[in-house]
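Grab your viewer and work through a few packing exercises on the model below. Try each task yourself before you read its solution.

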Amino acid sequence: MPLIVKLLVQRIALGLFLLLLVSALIFAGTIILPGDVAQSILGQSATPEALANLRAELGLNEPALQRYFSWLGGLMQGDLGTALTSGRDIGESIAQRLSNTLFLAFWAAIVAVPLAIFLGLLAVRYRERWPDKAISGVTLASISIPEFLIGYVLMFFFGVKMGWFYPTAAAFRPDAPLLDKLDAIALPVATLTLVVLAHMMRMTRAAILNVMQSAYIETAELKGLNSFQVIYRHAFPNAIAPIVNVVMLNLAYLVVGVVVIEVVFVYPGMGQYLVDSVSKRDVPVVQACGIIFAAVYIGLNMIADIVAILSNPRLRHPK
Amino acid sequence: MKDQLHFLARQAATGMMSRREFMGRAAALGLTAAAANTLLSSKVMAAGPQKGGTIRVGLQGGSTTDSLDPALATNQVALSVIRLWGESLVELADDGGIQGKVAESFSASADARVWTFKIRQGITFSNGKSVTAEDVVQTMDRHSGEDTKSGALGIMRGIKNVSGEGDTVTIELDTPNADLPYLLADYHLAIQPGGGKDDPSAAIGTGPYVLKEADMGVRFVAEKNPNYWGDLGNAETIEYIVINDNTARVAALQSGQVDMIDRVPPRTAKLVGRAPGINLHTTSGPGHYVFIMHCDTDPFANNDVRMALKYGINRQEMVDKILNGFGSVGNDTPINASYPLYTEFEQREYDPDKAMFHLKKSGYDGEILLRTSDNSFPGAPDAAALFQQSCAGAGIKLNVKREPNDGYWSEVWNKQPFCTSYWGGRPTQDQMFTTAYLSSADWNDTRFNSEQFDQLLLAARAELDTAKRTQMYADMSTILRDEGGLICPMFNDFVDATSDRLAGWVEDAKGFALMNSYAPHRMWVKA
């Protein structure tokens, strides 16, 4: 398997290079933002003396380039640094937050991915008939409504009116039994599922329809294979690549794009941590969150690429 | 019938009958809902506080970046957490006066320059160490040192020396200040063992609760301090949950996930108050929403331009539409009836003719640019649009520019000559004027510079005769109203809500939101 090893090494090296670029971009972004961390920490109660003292203590008087490289150096050794605002170790704070976010994303994915693919297959089976139209209509509507509004609507009906679930995820404790944790995140998971369902469902439907119309499927049918063999041996392998691609994209979204959901449902994940840190100009935390988000995004896309290559003999055995 | 009603009310108050059942039976006896409610709450109060249980509170304003160090507290959540574990020397009382906390009593020299505080005997920190005068001296020192980051630095600047001997602490001031106890009631100045110099974030103090769990910007849990000296604190456990999203906070209260929330949005407050099992509480406080002009920048350097704008704003319309009635009209001074030495004077009204007269007199006929943002106060862009309309009626061309929320406090407020903003207010006139209207104040956000005003402020501090001080503050308010750069259309009420599970809300207590953040301590879970 030397080709696969080479492929992996190439992709990982490219990913790391991309991460480096992203870190520089994030740093530049935080520098451009108006105001600094000292001002944000002290807020309206800032006096010039207190500001000057805090700036000196936080090392904000050093040039930006120097701050960037000292941070990058720490990162190489696995040290994410300490938060400017609270003085706590970022690695420790992020570990808990990240595992919370991954927990939410994991359960949302467990519900959303099989459901989306199942609905996609169902839509293909009843193509252009009412089940297809109903599935498309509902999922497209749910992707078009802003996610915070979906959150509010679910909160109102299932949290306040029916009282089935907690309206917010504030009851979530990382060390609680699994069932309690699932109870606490029921509504955020439902919201996330509604948000990502349409994209994956539509893509599954389109990819399989596309393959089913190819000449070789017709050939396979003509040479007498039954429909199960047609789908299993001929249609499915050719539809894997686009489906995996869109699934990975949505998994990445479940980790990276949940900021609004986390804030609305008061879920203690990375998104909430990032939002607070951006508004307080806590550059090291923003950097750390940004790098982790970028790594998740690049990593999942890399997996999608590799799966696409491996599932396609023409790419697996180039001339 | 009267006896029967009181019997029913007592049953409801002690939990032998549900509130809804009581209201129904009271109605059957011919009592209006409002009267029944009043009767019920008076019975609940009379039944006395119940001890034990858990009170969950949904609060707005917390952030992951917060610290437990009281010196760095800037928001409602940080303040509420300090209230759990810590106490200052003194605290505001319900009537607007001062009550002793760590200090049992205090007295001033005849010229209000030297103050002595007597430390309460036999009280201990939650780590078991007893409180000494030295702890107080060290706490003051930590907030006033050259290199401090404390939010109380502005307060400490007027203090020349703090010394402790036995059980008394003596504070010497640079200039006399009759309001010193009000300054020391500041929540940043919670007394910590050794001044908190070793570990400022240890959350060890003399408060009625002991902090058990702290997850910044997420959740705080505290349990009753068994060795607390006073009778504050009814619930066994208090849990603060940070819910910054308005809709989520209200939903959490309605579903019973929390028992109490702060900052109910004025727009939906009336609906929330009508929901079953929810009680809405409004407190009129010193907080106000403002339009601020720099008195040293053209065209606002001309007082006639300032007066034209002051006559060009419709205050009642702002209270009705921006606050939905949860507030009161302002009078272009930061002072209202919630201050201890308040004098009422003539209310300024919307008057397009006078506005036009002043604008003509000023000779300025260009456009005026007003900057605003969503976070400068709730509904600020809408208020700016209303202002624009009322100004148009007076021939004033007001342009409104919407600025981003992010960076508003560092780039626009206190930098640009005309913008929207808010003030939380202070417990005394002296503090409010010193913070923002003294010509040398750090946050003189209107660039106001009046020699007469500054002199009156210093003179009032040294004046121990209440009648004379009241007159001085009235004069100062008049100066601000007629010459200042402040347009203050409205004072916002604090709007909080509690569920039926709790009792013990004290109406008309002076101070800030949630009974000055003591509602979780003073209310109780109904048996």
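The exercises below go through the chain contact, some helix pairs and a few backbone features.

A note on conventions first: residues are numbered from 1 along each chain as its sequence is written, and chains are lettered from A and ligands numbered from 1 in the order in which they are written. This is a predicted model, where local features need pLDDT of at least 70, side-chain atom pairs count only at pLDDT 80 or more, and totals for chains, interfaces and linings use all residues.

**Exercise 1.** Describe the side of chain B that touches chain A.

Step 1: count residues. With contact meaning C-beta atoms, placed from the backbone, within 7 Å, 35 residues of chain B touch 41 residues of chain A.

Step 2: find the elements, taking helices (H or I, at least four residues) and strands (E, at least two) as DSSP runs numbered from the N terminus. Those of chain B giving two or more residues are α6 (153-156), β10 (237-242), α8 (246-254) and α14 (408-411). The top contributor is α8(B), with five residues.

Step 3: sort by class. Ala, Val, Leu, Ile, Met, Phe, Trp, Tyr, Cys and Pro count as nonpolar, Asp, Glu, Lys and Arg as charged, and the others, Gly among them, as polar. This side of chain B then has eleven nonpolar, 16 polar and eight charged residues.

**Exercise 2.** Work out how α7(A) packs on α8(B).

Step 1: get the geometry. Axes are lines fitted to C-alpha atoms, for helices over the stretch in contact, with angles from 0 to 180 degrees between N-to-C directions. Helix α7 (residues 147-161) of chain A packs against α8(B) at about 5 degrees, and the axes are 10 Å apart.

Step 2: name the arrangement. Under 35 degrees counts as roughly parallel, over 145 as roughly antiparallel, 65 to 115 as roughly perpendicular and the rest as oblique, so α7(A) and α8(B) are roughly parallel.

Step 3: list who meets whom. Tyr152(A), Met155(A), Phe156(A), Gly159(A) and Val160(A) of α7(A) face Thr247(B), Ala248(B), Ala251(B) and Gln254(B) of α8(B).

**Exercise 3.** Do the analysis for α9(A) with α11(A), then for α10(B) with α12(B).

Step 1: take chain A. Helices α9 (residues 186-212) and α11 (residues 227-256) have axes that come within 9 Å and cross at roughly 165 degrees, so they are roughly antiparallel. Their contact has 16 nonpolar, four polar and no charged residues.

Step 2: take chain B. The axes of α10(B) and α12 (residues 352-362) come within 8 Å, also crossing at roughly 165 degrees, which makes α10(B) roughly antiparallel to α12(B). Asp304(B) and Tyr311(B) are among the α10(B) residues here, and Lys354(B) and His358(B) are among those of α12(B). By class, this contact has six nonpolar, two polar and three charged residues.

Step 3: assign the hand. A crossing is left-handed if the near helix is turned anticlockwise from the far one by less than a right angle, and right-handed if clockwise. α9(A) passes α11(A) right-handed, while α10(B) passes α12(B) left-handed.

**Exercise 4.** Track down some backbone features: where is the cis peptide bond, and which residue has a positive phi although it is not a glycine?

Step 1: look at omega. The cis bond joins Asp298(B) and Pro299(B), with omega about 0 degrees; Pro299(B) sits in the loop between β12 (278-293) and α10 (303-311) of chain B.

Step 2: look at phi. Val266(A) has a phi of about 55 degrees, and it lies in the loop between α12 (259-264) and α13 (270-279) of chain A.

Methods: Contact = placed C-beta atoms within 7 Å.
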